[in-house]
Every structure is written in structure tokens, then in C-alpha cells.
Amino acid sequence: MIPLLSVTDMTHYFGGLRAVHDYNLSIEPRQIFGLIGPNGAGKTTIFNLITGVYTPSEGEILLENKNIKGLETNEIAAMGLGRTFQNLALWRHMNVVDHIRMAHYSQLDYGLLGAFFNSRACREQENQVMENVHQLMELFNIEKYAGDLVTSLPYGAQRRVEMARAMATRPKVLFLDEPTAGMTPDELVRMIRIIRKVHEDFKVAIFLIEHRMKFVMELCEHIQTLVFGEVIAEGPPEEIQNNPRVIEAYLGKEDMT
Amino acid sequence: MGIVKKFRQMFSTVPMLGWFLGFLTAVLIEYFWGYDYISYYLGLPKIPVLFGALIMLKEPLMIPGALAYDLIVYVIPVLAVAKLTSPVTNQGAALLEKLPLWLSAVLHLICLYAVLHVWAGINDYRVLIVKLSLISIILTVSVNVINGYQGEFSCSHPGFMALGAYVSSILTLMLFTNDKIFGTALLPPALAPYCFPLVLVIGGAAAAIGSLAVAIPSFRTRGDYLAIISLAFMFIVKSAVENLHVIGGARGMGGQPDLAPLPVIFIWTMLCIWIIHNFVTSIFGKALNTVRDDEAAAESMTIKTRKTKMTAFMFGAFWAGIAGGLFAHVLTYINPGMFSINRLAEILAMVYFGGLNSILGSIVGAVSINVLGEALRPLELFKWIIIPLILIFVMIFRPYGLISFTEINTKKLLEAKHKTKQGVSP
């Protein structure tokens, strides 16, 4: 089976610092893949390397067998790689509808002239987008905030907006950077449900970074553990849970919950 | 507060059409009786051009007369007609609602134009104020695209304006007039009004191409670079024109045919507002806001940020060029000094006073700063104390300007306003 997203021998240097070393990844369609590791291990760097924020110093990245290394972030995103951010990256002067609307950018082709003169193609496509927006808002249960500025929303809802926005780009792989950061246990349970739902409804593969063991163990089918830019263990949750190196490097003497 | 609320409630049933009718009555009263009767009996030397502001500041003794004039000619007729005709105008507005929105909007604009035309028809001074205000609207709205919607700080608008003004002036001088520099007219002057739009567009395109000189180096990074580079660009354009003796150098360039009467400028202004409104409400235009608020997130959401920034900047410059072309043909004389730091201050004041990220705000800002500037003219130096003071207060109490982050909702603006029946609504 051809993997949906594969990374081979990716290495990246920030100046003299080797942030990521010989990183390999292979995500199959519809897989939920987890990446764990202590703070500063390079997890977010890996996200940024794959999504094109940085270009890796060495290695190869293939999305559906097409090389995406060196492309611009927006091109990679348009090819089917959606993401959320660790510290919510919402547009603070825009409302919820506009957030989800904007993520349809690459799916439009009416052009600038169409936008200037409000051409028929423009109106049709914008209407199509609005329909989509309403579906997504319903799915993520944020339609009651439709016209509100995102900054006025509760934290959990902001997370959902971010996720709805990422889904609007029609990703094949969804990158979630600590989707439960700063959430209460209540919201956490709801987040698990949402992620499962997204996984079911959109048939996407999910690649997530997480700190909460409960969350990762419950959701992921396959887990990688990263320490100082190197993968020290890889496998299904049970294996990772019992791997002594992982416990030593990352979990320490903490109890598993 | 109570009075304001009551007042609002009383006039909440008046549709836009009613207000237009009220103002039309007022300006017609002024047109027919303003000089012969009203101002004569009130002891005013002539019709007060700007609602009596100039007379009041020059001769305080005339204040009661001028105020009475305003009351008789403007306030009472406008309010009375608007209120009394509201049943009729509401029906009219309801009829117009059945038409396509664009047709209804055009009809409303014709009404607006009629009001402006009659009001300005009293004397040439008013015509000039209206023309310059309309040109300022184009400038302000186009600056708002860059400084408001895109959230950068660009200072090069006078430069773009100069490019548009000079290019279009050279074209009209070369093609339609017998000029000392460019020789005899290449085309019959009768064609001039028909070719004028094309000339303006070429001027705008020149400004857009010129803007690349700012955009290419400064959009590689974020931050204050754009402000510095664009400021430099403005001075480069000014110095270049000053040293080009072919086009008049520092002495300027005159003799442009008067191709910009009020209707032409009005149409261009409305066209500008319409196109920019379409742009900023479309996804391609809203992309500017995403770039402003979080560029990394915008990239991840498939938005081509670099392209967005470049096109918006060129777009803004294009309209500045159009405004410059109109400006040159209103004054029929331009010199490089007109497109310098003073103009920049004026434009930025209009944008930040009116409100960022809002076309309506830009219109309000452009008109109010323009009219205020004219009305306070008798104060001479003090004008430059009062206007900045007002700006400071606006910045303190409304940091984003008077009307910020609001879009024009044409449909809502023009709809019929029926009385809300009490007890019926839940």
C-alpha cells in the first residue's frame, strides 16, 4: 500500500543546531498517528517542516507520491495538508463565518476581475462556499457564534473554529498541534469525540502532537516518541506505553492515567 | 441622551429615499429663494457657501443670521419633508425593493447626484469642494485597502497620485490640445471626453506599475520596511518630476483640458467604491485581513499571501493614479509640490479619522476632513491646531477611527422602513 504521506531521512539544522535527525514517517490513509515527546523535542518543528514553514536541510517528503519539499506553505496546504496551531492562530478581527470562508481560498477560480466586478462566477462560487460554511459550522457546533468575532468566543469554541477552518481546506491529512492544550477534562472528552467524528465523516488521516497520555492512548493507532529530534520508539499505543526507553525519556516515574 | 433617542425613534421610519427627497427640497429652496429672499431678509451678504461656517468665523455678528438660514433652508425642510413624506417614500422604497438591487442602487445614486448637483450649482466654490471631496474619497478608500484592510503602513500614495496625474496630463496634452511642449493635437479635441476614461486608466496603470518598485522589495519581510520604502518612493517621484524639465519641472504643468466635470467625477467615485467594496467583501479581498491578523495561519489555510499583498498594493496604487488624473483635470494645473508630505498627511488623516477597515468610514473621513478644512479656513493657522486636536481625540476614544470594521450593506441601507407595530413582535 502506498502511504498517503511519507517522510524519509528528514534532517534539519537551525544554524549549528540539529533540530531533527533522520526522521522517518509513513502515514496511511485514514490512520490516526500520534507524535509525543518532551518539551523541546522538535515536534512542532517536524510539523513546520512537513507543512512547508521551513524547508528541511535534507530528506524527502512525499504526499500521495508527489514531492512537496520546497513548495510554499499555501501550495502544500492546497494539496491536502490541513493544520491547526499550538497557540490558536485565529484572525482576531474576523468573525467565525469569515474564518471558515477564507479557508476555501484555493478552491475558487473566479479570479481577481471576477471579484472586482462581482461576476456571476464569483456569486455562484461564493454561494457554494457559504453553503459549505454552514455545514461545517453545524458539524462543529459553532453556528450560534456565526457572526461573532472569534476573540469573543470561549476557548473550546475557538479550538473548534480552528478545526472547522482546517477542514474547510479539504485536507487529506490533518495536522493537529496539541489540540487539547489548555482544555478542561470536560472539553477534552468532547474534543476526542470531535476528532473521532472528523475522522469518520471526512475520512482523513490525522497526525497529532499531544501531551496528554489519556488522549493519545485512546485515539492513536500508531505512536512515535521523539526525544531531541530523534525517534526513540515507534509502534501501537500498548507497545509505547510499556517501552522502557519511552518511560525513561519521557514519562519518567509518572503514573499513567 | 433622551432627546437623541426620541429623535432617532421619530425618524426611524424614514427610508433613504425620504432623506434624499428632504435634501432635494432643501437644496431646491436654496436654489430658488436662497439669495433673493432668505439670505436677503436675514441680512446676509450672500448665500452662505458652507452652511454659514465661513461667515460665522469671519464676522461673529452674522452668527444669528447664518444659523437662522441653516435652520430655514436645511434643518426644517429636510426633517419636515423626510418625516411627512415617509408613508409615500416607504411605498416607493418598497417598490424599488422589488427591482434588482443594482438598479435600485443606481436610482438612489441618481437621487444623490441630483442633490449634489443642485447644491453645488449655487457657485463654483461649492463645485470645487464637492469635486475635491469626491477625489479624496477615492484616495481614502484606496489607502484603506493597504493601511486598513491589509494592515501595513504605506506612505507612497501621493507618489502614485503624481504618477497618475502626470501620465494622464501628458496624454491629454499630447492628444487633445495644442501645446507648447507636445505640439499640435494628435486627435480632434471633440474626442477628448470619450477617451478620457482610457487616459485615466492608463494613468492608474502607470501608478500600479510604479507601485511594484515599492512592493517587490518591501513585501519580502514584514514590519516597518514598507513605511520607509514607500516614503522614500514618494520623495523619489517628487524629485524626479521636479528635475524633469520636459514636463515643467518644479514650475508645474498646466493647460490640461477641463475634462472632469462633476458627473464624471461622481461616476468614477461611485465606480471606485463599488469595485473596492466588491473586492474587500470577496474571499480574495478578505484574504488581506487574514494576512494582517496572522500571516502564518493564512498560509496554512491555502491563501497565497505574497500574491494577495502584491495585488492589493497595486490595486490601491491604481486608484490613487485615477484620483491623481482626475485631480489634474479638475485644477487644470499640477506641480510636484502638490504631491508631497502635506498631501500624505491629509490622506492619512482622512483614513485614520474615518476608520480603518471600512469603506463607509473612509467616505465619512474624506468628506468631513475636506469640509472641515474648508469651513475652518478663516481661522488660518488655528485650523492646523483644531484639526489635529480632533484627530487626537478620535484616536483616544476610538483608536480604529470613527466607523471602523463596518461594511456597507446596500440592501439594508435602501430598504423601506415600516413602523414596528407595538405588541406584535414577541
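At what angle do helix 6 (residues 101-120) of chain B and helix 11 (residues 262-281) of chain B pack? The model is predicted, so local features need pLDDT of at least 70 and side-chain atom pairs pLDDT 80 or more, while totals for chains, interfaces and linings use all residues. Residues are numbered from 1 along each chain as its sequence is written, and chains are lettered from A in the order in which they are written.

Select the two helices (DSSP runs of H or I, at least four residues, numbered from the N terminus). Their angle is about 140 degrees, and their axes lie 11 Å apart; axes are lines fitted to C-alpha atoms over the stretch in contact, and angles run from 0 to 180 degrees between N-to-C directions. That makes helix 6 of chain B oblique to helix 11 of chain B (under 35 degrees is roughly parallel, over 145 roughly antiparallel, 65 to 115 roughly perpendicular, the rest oblique).

Next, display B:Leu109, B:Tyr113, B:Leu116, B:His117 and B:Ala120 of helix 6, which meet B:Leu262, B:Phe266 and B:Met270 of helix 11. Contact requires C-beta atoms, placed from the backbone, within 7 Å. By class, this contact has seven nonpolar, one polar and no charged residues (Ala, Val, Leu, Ile, Met, Phe, Trp, Tyr, Cys and Pro are nonpolar; Asp, Glu, Lys and Arg charged; the others, Gly among them, polar).

Finally, show both chains. Their contact takes 25 residues from chain B and 30 residues from chain A. On the side of chain B, helix 12 (283-293) supplies the largest share, eight residues. That side divides into 10 nonpolar, 10 polar and five charged residues.

Terms used. Two residues are in contact if their C-beta atoms, placed from the backbone, lie within 7 Å.
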